[in-house]
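Here are my comments on the model you sent. Please read them with the coordinates open.

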Amino acid sequence: MFTLQTSLLTSQTNSVGESLLDFANESGIGLLFEGGNFFSLIGGLGSLIMIGIAFFLLYLAIHHKFEPLLLFTIAFGMLLSNLPGANLYHAELFAGGHVHWDIFVAQAGLLDYLYLGVKLGIYPCLIFVGVGAMTDFGPLIANPKSFLLGAAAQIGIFITFLGAYALGFTPEQAGSIGIIGGADGPTSIYLTSLLAPELLGPIAVAAYSYMALVPVIQPPIMRLLTTKKERMIKMSTLRPVSKTERILFPIVLTSIIAFLLPSAAPLIGCLMLGNLMKECGVVDRLSKTVQNELMNIVVIFLGITVGATATAEAFLNLRTLGILVLGVVAFGLGTAGGVLLAKFMNLFAKEGQKINPLIGSAGVSAVPMAARVSQTEGQRENPSNFLLMHAMGPNVAGVIGSAVAAGLLLAFLQ
């Protein structure tokens with residue numbers, strides 16, 4: 001009898017021990033170092049580094065308010081994706097740039113389903129509807145020359161594309177890296193998800209980080225390329241824009257671009273749809289919905305799923321460092337392109353009609369931060385100088401320009 005009790009006690013002890021061991025192995029800490037060898041240790045360290053990066057980005061978004069609406073969600077998506085054993089996102093389901101539907105339902109986690117909105121190009125287009133509804137194209141309509149400044153600021157995209165290709169990136173990857181120079185997060189995500197989805201995490205983080213750093217990156221370039229006299233140029237007040245012009249603008253522009261460059265139609269069409277909702281005055285409920293509820297919901301889904309792609313395998317390599325460097329080069333070249341074209345246009349302008357070159361830097365599509373930087377730099381030299389509305393022209397032209405640039409890259413590379 002005593003022997004039987006001892007045997008049962010031993011069996012129960014072993015069972016409890018095995019259960020505790022199984023629990024430990026299936027915990028996040030156990031999965032982090034699964035395998036018990038050097039290579040599993042390195043893999044686990046990579047996940048810990050990515051979790052640390054996620055914490056840092058959350059700090060920037062919350063404490064320093066760097067593009068918080070998207071950087072916050074991207075950082076939390078990065079955290080969720082790199083937590084061992086969470087199984088929320090599986091990169092293998094999207095390997096090779098394709099959705100592997102044959103194994104999708106069996107393996108997919110929550111973020112895999114949400115990521116389909118990025119992969120299929122849905123979220124960026126929906127965000128553009130909201131952006132259009134919040135954008136005033138009046139300064140651009142009042143001063144059509146702003147289109148040229150917005151176009152010139154896209155030069156950074158194409159120069160960086162050539163540079164990235166020369167450094168060994170594939171044409172598709174080079175195009176996705178170059179689009180960072182447009183300082184337009186949704187466009188960068190849209191193009192990268194179609195051309196080089198394996199780079200989506202680093203490119204999204206770079207694009208939104210540089211958008212947040214506009215007040216830091218742009219002023220030194222602007223001061224370097226302009227003289228004190230040029231920065232003090234005052235510009236005349238813009239003419240009023242009629243309601244008819246505001247209504248016709250999105251319709252005409254969409255038609256022209258779609259006929260000339262169909263690949264740009266999804267982004268431009270959604271942007272102008274939102275703007276027409278705002279300007280026509282007969283669908284105010286829809287306009288308010290896309291500016292608020294729809295925009296907020298899509299931003300949450302977009303940020304979390306884009307952050308989820310930033311796994312240790314995709315992020316922790318020299319290629320990511322190259323992307324970050326090339327991205328800031330693209331952004332700087334775009335800023336310089338707008339400023340230099342404004343200076344060139346002044347060579348042919350009559351006295352009193354000259355353009356303050358500072359507004360050329362707003363040709364990147366970081367709306368409205370780039371326009372505010374132009375205003376700040378102008379008032380630094382002349383406190384009575386008001387450039388904000390003039391800078392908004394190139395700024396919103398930059399949104400259109402980056403979408404057109406994305407369309408061109410798609411047309412040639414896809």
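This is a predicted model: local features need pLDDT of at least 70, side-chain atom pairs count only at pLDDT 80 or more; totals for chains, interfaces and linings use all residues.

1. The largest pocket holds about 800 Å³ of space. Its lining counts 31 residues, and E67, V131, M134, M295 and V367 lie nearest the centre.

2. Which helices build that lining? At least two residues each come from α4 (68-82), α7 (122-134), α12 (185-195), α13 (200-212), α19 (293-308), α22 (369-381) and α23 (388-413). By class, the lining residues of the largest pocket are 22 nonpolar, five polar and four charged.

3. T311 sits in the loop between α19 and α20 (312-315). T311 counts as buried because its relative accessibility is 12%, and the cut-off is under 20%. Leaving aside neighbours within four places in sequence, T311 is in contact with M50, S81, N82, Y89 and L316.

4. The structure has 10 aromatic pairs. In one of them, the ring centres of F94 and F104 are 6.1 Å apart and the planes meet at 75°, so this pair is edge-to-face. The pair links distant parts of the chain, 10 residues apart: F94 is in the loop between α4 and α5 (101-107), F104 in helix α5. Both count as buried: F94 at 6% relative accessibility, F104 at 2%.

5. F344 and F348 also pair edge-to-face, at 5.2 Å centre to centre and 70° between the planes. F348 counts as exposed at 65%.

6. Ring pairs join Y89, F94, W101, F104, Y113 and Y115. Y89 is also one of the contacts of T311.

Definitions and conventions
Residues are numbered from 1 along each chain as its sequence is written. Side-chain values use heavy atoms; hydrogens and water are left out. On a 1 Å grid over the protein atoms alone, a cavity is a set of points where a 1.4 Å probe fits but cannot get out, and a pocket is an open set with protein on both sides within 12 Å along at least five of seven lines; lining residues have an atom within 4 Å of a point. Grid points are joined across faces, edges and corners, and a volume is the space filled by probe spheres set on the points. Helices (H or I, at least four residues) and strands (E, at least two) are DSSP runs, numbered from the N terminus. Ala, Val, Leu, Ile, Met, Phe, Trp, Tyr, Cys and Pro count as nonpolar, Asp, Glu, Lys and Arg as charged, and the others, Gly among them, as polar. Buried means under 20% relative accessible area, exposed over 50%, partly exposed in between (1.4 Å probe, protein chains only). Contact means heavy atoms within 4.5 Å. Rings of Phe, Tyr and Trp (its six-membered ring) pair if their centres lie within 6.5 Å; planes under 30 degrees apart count as stacked, over 60 as edge-to-face and the rest as tilted.
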